Every structure is written in structure tokens, then in C-alpha cells.
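Please open the model in your viewer and keep a selection tool at hand. The stops below are meant to be taken in order.

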Amino acid sequence: MQSLIHYFSNVPDGHRVLLLTVSVTLFWWLENPALLLADSSRWHHALTNATFVFLGAFVQLVFGYSLLNALNWTAHHHWGLVRLLPIAQHPLLGFVLSFLLLDLLEYTYHVLMHRYGYLWRFHAVHHADPALDVSTVLREHPGETAIRLAFLLVWVFISGITFWALMARQFVQIVSNVAAHAHLRLPERLDRVLSWLLVTPNMHQVHHHESQPYTDSNYGDVLSIWDRLFGTFRRMQANQLIFGLDTIREPLNGASFGHLLRQPFGGIHTQESPANAPFPQPAPAQSVIDAPQSNV
């Protein structure tokens, strides 16, 4: 345990970048086994989404200093809910408690992003993707990145999470979020078991359905228990899923990066997709490697 604490207390930022890169590459390959033969529109879609990473990295750099100061302050003043409980002195129990509390707070953040219009307009950039695949996890408007990190600062003060526990959780969070956005389906029996605890691709695809009440459901970050506890858990058959937003229709040939950047600020007239437009939908699969091969 001490070796893990030491690693996550000194983990280089490059390791998180590497984990994200490897995770996205792995699931991209699972979605597209014939990787080099992937349709050009699929590559365009992925590269447009990936471009958000560069602006997001700049925002994270700006907030990183404040986050480190917050973590140091809570440690120096022994501040936060986790530090008030005796079990927090036990490294493993302290990590589990920190993980649960932060996951609940991230669930709260996600609900707020859907409930308030001035927050939703930034989050809607992520939801408007009509061709959900693993690259969609990268599609976060820099405005939302700033909002998310501002909330994280508040969550650090509330929870009192240690630096190493936050880093360890982020490693789990990266893999979980990438997997949840993959254009894959788990076998239904397996999904029904796993989704009692974890956010699965089947579960998160419901959250990316184009219309309410499904859009406003399945808010979980890593754990699905909060959705079940607070009554926001929903299921949906794969053949009923339509990705994107019925209020923001993107062009069938893909929205430009500049278009998506301006979208939260209004004045953007998206091309209306015709009724029954052939958006790619995930098909039920017997195995995660049986990924659907529809074009983006």
C-alpha cells in the first residue's frame, strides 16, 4: 500500500496522459478492428473531438496551480469531511471513503450541468455528438473544462481528499470514462450485473440519447449506485437509441471545431437533420469485441 501511495503522491502528469492515450487507442481499435481502413468521416469525427484536448490542456494548466494550493491547504489545516472520520487514518479505508465521496460529488456536478441553462449550454457541446464513440469522451468545451475544475476545487475543500487519493481516483476515472463512451455493447446479462455498481457503456449510452427523460438520467461518473439511490437510473433497448440532441442537430457530415466552440454563445444555426436520419446506432453485441461497424 505504501508503494502505491508513494507512486500516486509523485505521479508525473505524463503518466495520466499516457493512460488516456492508451485507453482511447484500445477502445478505438475495438470499435474499428480494421483501424487503417476506417471510413474517412469517422477519422474526421474523431480528430475534431480530439482537438478539444489541446484547449482543455491549457485550461487545466491554469487551474492546476489553484488545485495544488487547495490540496496543500486542506492537508495543512486538516480540513474536510474525510479527515474528520477516524477510519481516514487507515490508508485503504481512507481511499475508499474519499473515492465514494468524490464520486457522489461528481454525480452532483453532472446533475447541475443538466439542470441550469448557463451550465448546460457548455455541456450540450458534449451531448450534441450524433455519433457517440470513444472520441466523444474528449469532446469537452474549454468552458466546461473550466467549470468542471472550478467545481473540483470546491469538492477538494468539502472532502479533504489527499493528493495521492485524488490522483489514484483519476486513474480509475480515466479508464471508466473512456470505456463508458465506447461504441460497444456488453451482453445484457453481464451489463445487468455490472451496472449495479459501475457505469457501463450500455448504461451511459442511454444518457446520450437525444431526448428527455433519457438525457437527464444515468449521471454516474464511475459508480452507478447514486443513480439507483436517487432514482435517475434508466435502461433502454439498443435499437431505440438515437445519439445527439433533438434540440441541437449537427450536420450529418460533422460539425466543424469552430462551430462547436461558438455553440454555447448562441448565434449558431445548425443544419437540421431530416426526419429518420441514419445516425449510427450501437447494435446489441454478444461480446465487447463485436463492435458495430456503422459509419460516423
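A residue is called buried under 20% relative accessible area, exposed over 50% and partly exposed in between, with a 1.4 Å probe and protein chains only. This is a predicted model, in which local features need pLDDT of at least 70 and side-chain atom pairs count only at pLDDT 80 or more, while totals for chains, interfaces and linings use all residues. Residues are numbered from 1 along each chain as its sequence is written, and side-chain values use heavy atoms, with hydrogens and water left out.

Select H78 to begin, in the loop between α4 and α5, where helices are DSSP runs (H or I, at least four residues) and strands likewise (E, at least two), numbered from the N terminus. H78 has a positive phi of about 50° although it is not a glycine, and its relative accessibility of 43% makes it partly exposed.

P213 lies in the loop between α11 (201-207) and α12 (225-229), and a cis peptide bond with omega about 0° joins P213 to Q212.

Now colour helix α8, residues 142-159. Its 18 residues should span 26 Å at 1.5 Å a residue, and the end C-alpha atoms, 25 Å apart, agree with this; the expected span is 1.5 Å times one less than the number of residues. Among the buried residues of α8 are P142, F151, W155 and S159, and what covers the buried residues includes α4, α6 and α13, contact being heavy atoms within 4.5 Å. After α8 comes G160, with a positive phi near 75°.

For the aromatic stop, rings of Phe, Tyr and Trp (its six-membered ring) pair if their centres lie within 6.5 Å, with planes under 30 degrees apart counted as stacked, over 60 as edge-to-face and the rest as tilted. By this rule there are 15 aromatic pairs. Select F122 and F265: their ring centres are 5.7 Å apart and their planes at 80°, so the pair is edge-to-face. F122 belongs to helix α7 and F265 to the segment after α13, 143 residues apart. F122 is buried at 14% relative accessible area, whereas F265 is exposed at 59%.

Finish at W196, where the charged end of R228 sits over the ring, 3.8 Å from its centre; this requires NZ of Lys or CZ of Arg within 6 Å of the ring centre and within 35 degrees of the ring normal.
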